[in-house]
Amino acid sequence: MIWITWRQYRTEFLLVVGMLVAFAAYLIPTGLQGHDAFNSSGLGSCLSTDPFGCWDLKEPIQNAYDNSQRVTTWFIFFPGILGVILATPIVFEFDRRTYRLSWTQSISRDRWLWTKLGIALLALSAFAITFTMMMTWWFSPLDRLDPISHHHLESFAFKGAIPLSYAALAFASTLGIGALTKRSIVAALLGLVVFVTAQISFGAALRGSDQTVVIDETTRMVRDRFWEFQLIEAAIVLGISAVFIALAAWIVKLRMQ
Amino acid sequence: MSAVLEAKNLGKRFGAHWALRNCTFSLQAGQITALVGPNGSGKSTLLELAVGLLSPTEGSIEIFGSSPLKNPPDVLQRVGFTAQEHPLFGGFSVAEMLRFGKNLNPRWDDEFANARVAQLGLPLNKKIGKLSGGQRAQIALILSLAKRPDVVLLDEPVASFDPLARREFLQTLMVTAAETSASIVLSSHTLEDLERVCDSILVIADGTIQLIGEIESVLASHRYVVGPPEEEVLSSIVHTVISRSRTGRQVATLVNLEAPLVLGDSWSVYEPSLEDVILGYLERSRNNPIGITA
């Protein structure tokens, strides 16, 4: 079953790796520029002594990021696309009706479902964490300007638990809708709609309040609140994902009989 | 010895529509049974209920005395099932498709599978999606048979074949059945070639079983009686009239004999072909949609 799952996922895994390599090809040179700008600006030592006396030094760093941030904004869609891509091999089994082959071998549907889910979610986590690490590194010079410049809101959705939880949401909703409709295109499109809707509505509802905090509070408080906001948002998004997974499991186990 | 397949008052409803109802029958081991009926009569529903892809709305169906829903792996390893349109993974190569079977089935016979693939001249590294419909059907059959099942259930295995391919496919099926002593149930909406291959027949129409029995005894117990229309009152108290048709000044009546025929000189009696009998029952179910279990 593990080999079969790997074999069925091979193309999707390669596709995601290809995307991450393309991201790296853009993020590494532009990120290095950003890091160089930060290191040569002398901001490091300035921030540690008198943060609010460093305003003049941040200019070259912001310049280094101005153009590339217009590109990396679009990377926000990656967790959604990742989730949809990793859900489709399972949805294909409903759409192409090959579940009639898979479920009539000598294994239970439970084993079939949980092996596939386990491997898919493991891969999803690995890809999402790789993406998060790349973005965190890329944003780190900007984030270190914290006390004197407010980029937290821009980098928030690329860091911590957010990419992983939204990738899980896109995965779970595509899977649940796919099990329900048995249509892979419908499932993929609605999975993306769920992802975008959640990003926009939670972005407004949860991170909206973050902005005022970032502006008003001190550096240490912002860092503390950062993880608080991260974990609240991630918990909500993962909770909704779990509902979609439960829906898919229920359909596989009971309704599709 | 428990029955290979045993249904008790089996019924399946989709929304408001009963796809299958009041099905009670049992199939004994070692037989090749043709499951015959028009499209949409409930054949696929019956087979999918048998392997637990569907669950009954009422009644029950068991394979070797156990439910496919309660003990899926135990039951399924004894069953070789090929669904309609023989679903396979189009992106897999032939070799990978066999590896799929090997990984998921403890009784898998790798030697048999590879020998059959070689015998058919199917290239191991060719993608399933690039094979012809007939070749895909052969691969699906190999996947079912290499499980070394005690019963093989095939849903419309020859539906998309030309007559020659159909005959070849059925022949290989017969040979395998003889080699492995597995029981076989195959559904078909066409009657061609089935008589030569099968021992038993199960006719289904309108979601109900119309006729079940060994082909020999079915043929022995049915007769065409042809005579003048004015004497149409053929003793239907003694014999069950299955269908009637007028041809010119004669009426042909298909009857299920329950006693020796006693007829006047104006009548002649013919032995019907299996096709005649089946069509008679299908006609009856169409005229009388409630259906009677024969």
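Strand 1 and strand 2 (residues 17–27) of chain B are joined by 7 bridges and run antiparallel. Strands here are DSSP runs of E with at least two residues, helices are runs of H or I with at least four, and both are numbered from the N terminus. Two strands pair if DSSP finds at least two bridges between them. The model is predicted: local features need pLDDT of at least 70, side-chain atom pairs count only at pLDDT 80 or more, and totals for chains, interfaces and linings use all residues. Residues are numbered from 1 along each chain as its sequence is written, while chains are lettered from A and ligands numbered from 1 in the order in which they are written.

**The sheet in chain B**

- Strand 1 of chain B covers residues 5–14, and 5 bridges tie it to strand 4 (residues 58–63) of chain B. These two strands run antiparallel.
- Together, 3 strands of chain B form an open sheet in the order 2-1-4, with antiparallel pairing.
- Strand 2 and strand 4 of chain B are the edge strands, each pairing on one side only.
- On average, neighbouring strands of this sheet are turned by 25° against each other, direction ignored. Axes are lines fitted to C-alpha atoms, for helices over the stretch in contact, and angles run from 0 to 180 degrees between N-to-C directions.

**Residue partners in the sheet**

- K8(B) has S60(B), in strand 4 of chain B, as its bridge partner.
- R13(B) stands opposite W18(B) of strand 2 of chain B.
- F14(B) has H17(B), in strand 2 of chain B, as its bridge partner.
- The hairpin of strand 1 and strand 2 of chain B has 2 residues between the strands. There, G15(B) takes a positive phi near 60°.

**Two domains in chain B**

- Chain B is assigned domain 1 (5–214) and domain 2 (221–287). The bounds come from an automatic or database domain assignment.
- The centres of the two domains of chain B, taken over C-alpha atoms, are separated by 34 Å.
- Their contact takes 9 residues from domain 1 and 6 residues from domain 2 of chain B. Residues are in contact if their C-beta atoms, placed from the backbone, lie within 7 Å.
- On the domain 1 side, strand 8 (200–205) and strand 9 (208–214) of chain B each supply at least two residues.
- That side of domain 1 of chain B has 6 nonpolar, 1 polar and 2 charged residues. Ala, Val, Leu, Ile, Met, Phe, Trp, Tyr, Cys and Pro count as nonpolar, Asp, Glu, Lys and Arg as charged, and the others, Gly among them, as polar.

**Where chain A meets chain B**

- Contact involves 17 residues of chain A and 19 residues of chain B.
- Helix 1 (2–41) and helix 5 (99–102) of chain A each supply at least two residues of the chain A side.
- Helix 1 of chain A gives the most to that side, with 3 residues.
- The chain A side divides into 6 nonpolar, 6 polar and 5 charged residues.

**A helix pair in chain A**

- Helix 4 (residues 78–95) and helix 6 (residues 109–143) of chain A have axes that come within 10 Å and cross at roughly 160°.
- The two helices of chain A are therefore roughly antiparallel to each other.
- Among the contact residues are L82(A) and L86(A) of helix 4 of chain A, and L124(A) and F127(A) of helix 6 of chain A.
- By class, this contact of helix 4 with helix 6 of chain A has 11 nonpolar, 1 polar and 1 charged residues.

Notes. Two residues are in contact if their C-beta atoms, placed from the backbone, lie within 7 Å. Angles under 35 degrees count as roughly parallel, over 145 as roughly antiparallel, 65 to 115 as roughly perpendicular and the rest as oblique.
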